[in-house]
Amino acid sequence: MAKKTPKHPLDDLIRKDRIPHIWCPGCGIGTIFSSCLTAIKESGIDLKKFVMISGIGCSGRAAGYVNLDSFHTTHGRAIPFATGVKLANPELNVIVFSGDGDLFAIGGNHFIHAARRNVDITVICVNNFNYGMTGGQVAATTPNMAKTTTTPFGNPETPFNLPLMAYAAGATYVARWTMLHSRDLTESISEAILKNGFSFIEALSPCPINYGRRNKLKPLDQLKLYQEKTIIKNDAKPTELDINFEKGVVLGKFVDIERPTYGDSYNKICRPDKLE
Amino acid sequence: MKPAINTGEHFITGDVACAEGAIAAGCRFFGGYPITPATEITEHLSARLPGVGGTFIQMEDEIAAIASVLGASWTGVKSMTATSGPGFSLMMENIGLGICTETPCVVVNVQRVGPSTGLPTQAAQGDMMQARWGSHGDYEIIVLSPSSPQEIFYQTITAFNMSETYRLPVLILADEIVGHMSEKVIIPDAKHIKTVSRSRPKGRKDRFKLYEPGPNGVAPMPAIGEGYNIHVTGLTHDTKGYPAMTVDTQKEMMARLTGKIQNNLKDIIKTESYRLDDAEIAIISYGISARTSLSAVDKARRQGIKAGLLRLITIWPFPEDQILKLAEKVKGFVTVEMNLGQIHLEVKRCAGGRAPAFLVGHPGGTIISPDTVVKVLQEAF
Ligand code: SF4
């Protein structure tokens with residue numbers, strides 16, 4: 001008789017026929033992905049009512065592994081695609097799971113507008129400071145002076161402070177964790193799923209293969225940084241959230257406010273008779 | 001709620017007629033971005049959609065507009081966007097996603113003069129080849145071209161019906177004149193409007209395959225939230241919808257994407273003939289240029305020139321057989337279009353040297369007069 005393989009509690013949420021996944025050993029995406037799956041499972045919401053939408057990149061492959069209705073769209077366009085899904089069927093819980101390059105360089109414009117409109121979706125950004133899928137190029141999140149394949153002399157640019165941008169654009173929920181803080185991360189994702197409004201979670205993650213290797217960051221060293229050089233400070237000022245591991249990186253929940261969503265305002269203003 | 005369909009006789013622009021056609025077809029989501037000369041479609045639907053239970057959103061750009069339309073369509077809602085040249089260029093990437101993922105939707109391009117910003121308020125027909133090949137890779141596409149406000153009303157319904165039947169973005173290539181001119185438009189009773197909705201999967205959900213073709217070569221389409229656990233990707237995928245990076249899967253997928261159009265050409269290709277039976281010269285035209293061509297035929301006939309008109313209603317897939325048959329019969333072709341010969345070259349290709357082909361075209365900005373066409377008929381033959 002064949003040996004019975006033990007069942008993992010998240011097995012139902014994985015397309016097992018798509019395993020093995022493409023993520024490299026030491027990559028942080030898988031941990032963040034399982035935090036997300038745990039939060040989905042713990043929400044108690046009917047799984048049929050979830051949809052995961054990704055863009056392009058290593059993190060963008062998440063949609064291909066989750067056993068929910070899932071979409072692997074074009075580069076940078078997960079958020080406007082998700083906006084169409086949510087507005088056309090407001091019953092759905094829409095999660096955008098993608099990377100920093102996808103969401104904040106090519107897709108940056110869509111991010112700020114979805115936050116401004118307060119479209120009721122949850123955006124999870126795996127921030128690994130570079131374009132992993134294409135071999136490690138500079139991103140809008142790459143630290144100043146970091147080496148990548150397109151900044152061989154060091155990055156002359158300044159990276160985005162993502163929570164600050166989300167806050168400034170109008171997000172109603174903003175948090176940042178690392179993949180090492182998977183419990184806090186799961187909790188934040190749970191809150192974000194239940195939040196009626198645009199929620200944003202930044203999850204810092206090692207990309208040992210492409211970013212770590214070029215910046216003398218061994219996978220374990222990076223986890224050490226996550227442990228030793230981070231400060232949990234809920235409600236920290238968004239302007240203080242620049243990522244600098246020498247000074248210490250601030251984690252926590254920074255924004256959790258109420259504001260009418262696009263859907264609520266649209267119903268109220270454009271079809272008031274339907275509400276009566 | 002008021003009835004969705006504005007039955008009656010109206011005096012409206014082509015843009016408004018298009019918007020009303022969309023409502024009549026069952027469109028309940030519009031993601032748009034303003035651009036001359038398509039803005040009035042967007043404006044009209046912003047006012048009309050919430051009242052019929054639909055949703056309108058003006059997105060941050062045309063890339064987002066078409067992305068939102070694709071997303072909305074997967075919830076089972078008929079969805080549309082409208083634009084013009086510069087916006088059409090921006091939409092090309094996600095039109096490709098729509099083709100690859102077999103997502104029904106309608107994209108209207110009210111053409112203006114290009115390249116680039118060109119003449120924003122003036123008409124052209126310069127995007128015919130972009131409509132065919134603008135997104136990267138090989139594919140088949142359906143493109144319709146209306147000649148009047150009345151026709152764009154019906155064509156928008158046809159576009160939705162075809163997009164639902166064949167599961168792909170269907171494009172309407174109008175032009176600034178058809179979009180902005182006001183004419184009588186009759187909107188019939190709802191019971192006289194035939195609408196089609198995508199076929200839905202039946203049978204066991206655990207055995208469901210997202211891209212297993214039905215009898216007409218098109219797979220039934222579930223909606224998000226129905227429990228099919230679908231995975232949809234723009235990567236080359238198998239019948240399950242899963243990415244598969246192999247030459248064989250690519251071949252199989254492409255056969256599906258192109259076959260569903262190529263095997264249904266009879267249903268898709270629509271043309272209209274005018275005085276073509278005994279014609280010695282066949283004028284080929286479409287959109288607003290077909291209307292000047294129509295009076296050119298009458299003028300030429302009065303001068304003893306035996307001209308006739310083949311008006312293309314479907315531009316793509318191209319009516320190759322009709323052109324080939326005509327080529328065996330007529331002395332020559334004259335293609336009339338507001339560009340430098342995009343469809344003319346297609347006519348030439350399909351005629352295959354059996355009859356000479358001439359062009360009456362210009363780079364856009366003004367309508368082609370019937371006299372210009374007649375002059376070419378006199379000189380060329
Ligand atoms: S390239 Fe980097 S981000 Fe991509 S899977 Fe490998 S380690 Fe992860």
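1. A word on conventions. This is a predicted model, in which local features need pLDDT of at least 70, side-chain atom pairs count only at pLDDT 80 or more, and totals for chains, interfaces and linings use all residues. Residues are numbered from 1 along each chain as its sequence is written, chains are lettered from A and ligands numbered from 1 in the order in which they are written, and side-chain values use heavy atoms, with hydrogens and water left out.

2. The interface draws 36 residues from chain A and 40 residues from chain B, contact meaning heavy atoms within 4.5 Å. About 3200 Å² is buried between the two chains, 57% of it on carbon and sulfur atoms; this is the accessible area (1.4 Å probe) that two parts lose on being put together, summed over both. Have a look at A:Asp69, A:Phe71 and A:His72, which supply 16% of the area that chain A buries against chain B, more than any other three residues.

3. Chain A and chain B share 3 salt bridges, each a side-chain nitrogen of Lys or Arg within 4 Å of a carboxyl oxygen of Asp or Glu. A:Arg77 forms a salt bridge with B:Glu93, with 3.4 Å between the closest N and O atoms.

4. Which elements of chain A give two or more residues to the side that touches chain B? They are α2 (62-65), β2 (69-72), α3 (78-88), α5 (108-117) and α10 (262-270), where helices (H or I, at least four residues) and strands (E, at least two) are DSSP runs, numbered from the N terminus. The largest share, 7 residues, comes from α3(A).

5. β2(A) pairs with β10 (residues 231-233) of chain B in the parallel sense, over 3 bridges; pairing requires at least two bridges found by DSSP. A:Ser70 has B:His231 as its bridge partner.

6. Finally, strand β15 (residues 332-337) of chain B: 6 of its 6 residues are buried, so it is largely enclosed by the rest of the structure. Buried means under 20% relative accessible area (1.4 Å probe, protein chains only). One side carries B:Gly332, B:Val334 and B:Val336, the other B:Phe333, B:Thr335 and B:Glu337. Strand β12 (residues 281-285) of chain B runs parallel to β15(B), joined by 5 bridges, and B:Ser285 is partnered with B:Val336. β15(B) also pairs in the parallel sense with β16 (residues 357-361) of chain B over 5 bridges, B:Val334 having B:Phe358 as bridge partner.

Methods
Buried means under 20% relative accessible area, exposed over 50%, partly exposed in between (1.4 Å probe, protein chains only).
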